[in-house]
Amino acid sequence: MRDPAFGHRLVAWLLRPASGSWRAVALAVVLGIAVSTSLRANWGSDNAFVVKAARTLLDGGSPYEDKRFLYLPSAVLMAVPEALLPQTVLRWLLPVGMSGLLAAGWLAALRLFSVPLRSRLAVGGFAVLALAYKPYVNLVLIGNWTAISAAALPVALLLAHRRAWGAAGLVVGLAIACKPMLVPIGLLFLLARQWRGLAAAVLVPLGASLVGALLMPSPSLFFTKTLPFLFQGQDAYALPWDASPIAVLPRLGVPEPVAVAVAFAGAGAGLWGAWRRWRRPDSAEGEGGDQGQLRLVETACMVMLAAFLVSRPSFDHYLLVVLPLLLASGVRPGSMPRSPWFWLALAPQVALIPWPSELAHKRRAFKDCATLCGLAIVLARRALRSGRVILEPVTTAGSPPRTEPECAATPAESASRTAF
């Protein structure tokens, strides 16, 4: 497990084309989860709040009369097509749509790292994620619009890597218009000094929300009722599932002010790590060298994980926004999935792995908080590690030897152990 040569052989095997049987099994797994979800009585419970808001608007009421509708006014407009569909049709379309969005995010993450879409990693990896990672099934079941952000972030990073920052900002802006989860990604545009992309990410949801507000009565309820409810961390309804340290630590006996301080300290360290990671470019040397994808992905994921530490609430399926990107990065040497700590952090979420029975009655919050904090610590440690480089002399015609960091910097070999 610590042999880098084994890691190279494993990655090479995963990048080979998947056989027809692999594709058939993967499709059966994904469709099986979607169909079984459609047959359950509690399908689409989260999506129901958004559909209800759209129907309320169509009936002439204010969506924000319902304190559990927590999205921007633009989301009401986005939900109108769903509100016009019969319940029977929506029952079968919603789980497939959720699965499709998650698959789109996975494929975009793979393309960011130039992984063939017919490879074993692409086909088998998504099936294993769907089958083994419990929050995947949960997200498809409840139909939460987190799936839109899970698709949008990898697509936006793929566009950004291709220097299409304006299009990336448009994708992020559309995702925020549906659900304001990707608001922290604005920091990535600031770090990259991509003002056009940042403007798109801000103006698209702002414009759509203004249109939505003009079409509904009492839009001010968003500020007087919804935001105060959200800032208070909702209520006992969401508390059993809230994985934020601010919600979990007090349930373990930690005073709430201390829990808040710990969460914000962790978020601050995460943002510091994101800034440090962005300032440390990746090497493009060698056949397995990276051309900036790791830098882009790890900075974005660090920003999102820092936000999840202080978000109220912070649910298990939020990690599906960053997890496909981190998993896809495993094809690069030195990436997070090549550390055993990465897999240890994910262990509480893997199906069939036992969890202490005394915590079973407290729902999933402790598992989810352990995974969230574990991933944040592992990524922050990687982001904050030394960015030392070895400078080599460069000789040009007609000039004495000199040292140029821009063209001669070679990353120092990491001493960290790898998982494969």
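Visitor: Is phenylalanine 308 buried or exposed?
Guide: This is a predicted model, and in it phenylalanine 308 is buried, with a relative accessible area of 4%. The cut-off for buried is under 20%, so the value falls on that side.

Visitor: How many aromatic pairs are there?
Guide: The count is twelve aromatic pairs. One of them joins the rings of phenylalanine 308 and tyrosine 318, whose centres are 5.4 Å apart.

Visitor: Why is the pair of phenylalanine 308 and tyrosine 318 called tilted?
Guide: Look at the angle between the planes. Under 30 degrees counts as stacked, over 60 as edge-to-face, and the rest as tilted. Here the planes stand at 50 degrees, so the pair is tilted.

Visitor: Where in the chain do phenylalanine 308 and tyrosine 318 lie?
Guide: Phenylalanine 308 is in helix H15, residues 293-310. Tyrosine 318 is in the loop between H15 and helix H16 (323-328). The two are ten residues apart, and the pair links distant parts of the chain. Tyrosine 318 is buried, at a relative accessible area of 9%.

Visitor: What is the geometry of phenylalanine 315 and tyrosine 318?
Guide: Their ring centres are 5.8 Å apart. The planes stand at 75 degrees, so this pair is edge-to-face. Phenylalanine 315 and tyrosine 318 are both buried.

Visitor: Which residues form one aromatic cluster?
Guide: Tyr64, Phe69, Tyr71, Trp145, Phe222 and Phe223.

Visitor: Which ring has the charged end of arginine 120 over it?
Guide: That of tryptophan 22, with the charged end 5.8 Å from the ring centre. In another case, arginine 295 lies over the face of tryptophan 278, at 3.9 Å from the ring centre.

Visitor: Now charge with charge. How many salt bridges does a search of the whole structure find?
Guide: Start with the general idea. Side chains of opposite charge can pair when their charged atoms come close. The search finds four salt bridges.

Visitor: What is the distance between the closest N and O atoms of aspartate 66 and lysine 52?
Guide: It is 3.8 Å, and the two form a salt bridge. The cut-off is within 4 Å, so the contact qualifies. Aspartate 66 is buried at 18% relative accessible area, whereas lysine 52 is partly exposed at 46%.

Visitor: Which residue meets aspartate 242 in a salt bridge?
Guide: Arginine 312, at 2.9 Å from N to O. The pair spans 70 residues. Aspartate 242 is in the loop between helix H12 (221-231) and helix H13 (245-251), and arginine 312 is in the loop between H15 and H16. Aspartate 242 counts as buried at 1% relative accessibility, and arginine 312 counts as buried at 18%.

Visitor: Which helices hold arginine 277 and glutamate 298?
Guide: Arginine 277 is in helix H14 (residues 256-279), and glutamate 298 is in helix H15. Their side chains meet in a salt bridge of 2.6 Å, N to O. Arginine 277 is buried at 1% relative accessible area, and glutamate 298 is buried at 2%. Salt bridges with shared partners join Arg277, Glu298 and Arg382 into one network.

Visitor: Last, the surface. Which residues make the nonpolar patch?
Guide: Val202, Leu203, Leu206 and Leu210 make a nonpolar surface patch of about 380 Å². Leucine 206 is in helix H11, residues 195-215. Leucine 206 is partly exposed, with a relative accessible area of 44%. Patch residues need over 30%, so leucine 206 meets that cut-off.

Key. Residues numbered from 1 in each chain as written. Predicted model: local features only at pLDDT ≥ 70, side-chain atom pairs only at ≥ 80, totals over all residues. Heavy atoms only, no water. Phe/Tyr/Trp six-rings, centres within 6.5 Å; stacked < 30°, edge-to-face > 60°. Helix = DSSP H or I, 4+ residues; strand = E, 2+ residues; numbered from the N terminus. Buried < 20%, exposed > 50% of the residue type's maximum accessible area, 1.4 Å probe, protein only. Lys NZ or Arg CZ within 6 Å of the ring centre and 35° of its normal. Patch = residues over 30% accessible without salt bridge, like charges linked within 9 Å, V, L, I, M, F, W, Y side chains within 5 Å. Areas by Shrake-Rupley, 256 points an atom, 1.4 Å probe, with all protein chains shown as cover.
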